[in-house]
Amino acid sequence: MDDIKVLSEEITLVCPLSQKLIDDAVKGEACTHLACFDKSSFENLQQKKCPVCAAPVNILQPSLNMQRVLEHVKHHSLDLRK
């Protein structure tokens, strides 16, 4: 089963904590998923576990790829409600 690869995955640009568009995309250092959450929402709610996979979070890692997508969406004023 080592030869199975994920070719596509759908991810949301909405933070699972705030239910708003992610502003500063992060995830826990141990997280292996692509999904992110908003850094300030995580810190404001004093979370200790990843809201996506429930893994303990000691260090927040920025997601540069997700941040690029978010900047593109904001720059082009794309409507995410479709």
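Relative accessible area is classed as buried under 20%, exposed over 50% and partly exposed in between, computed with a 1.4 Å probe on protein chains only. The structure is a predicted model, in which local features need pLDDT of at least 70 and side-chain atom pairs count only at pLDDT 80 or more, while totals for chains, interfaces and linings use all residues. Residues are numbered from 1 along each chain as its sequence is written, and side-chain values use heavy atoms, with hydrogens and water left out.

Lys 74 counts as partly exposed because its relative accessibility is 38%. The residue lies in helix H2, residues 64-75; helices (H or I, at least four residues) and strands (E, at least two) are DSSP runs numbered from the N terminus. Beyond its neighbours within four places in sequence, Lys 74 is in contact (heavy atoms within 4.5 Å) with Leu 21, Ile 22 and Asp 23. The C-alpha atoms of Lys 74 and Asp 23 are separated by 9.8 Å, although these residues are 51 residues apart along the chain.

Three strands form an open, antiparallel sheet in the order E2-E1-E3; two strands pair if DSSP finds at least two bridges between them. Strands E2 (37-38) and E3 (60-62) stand at the edges with a single partner strand each, so one side of each is left without a neighbour in the sheet. Strand E1 (residues 25-28) is joined to E2 by two bridges, and Val 26 has Phe 37 as its bridge partner in E2.

Ser 63 is placed in the loop between E3 and H2. This residue is buried, with a relative accessible area of 13%. Not counting residues up to four places away in sequence, Ser 63 touches Ala 25, Val 26 and Cys 36.
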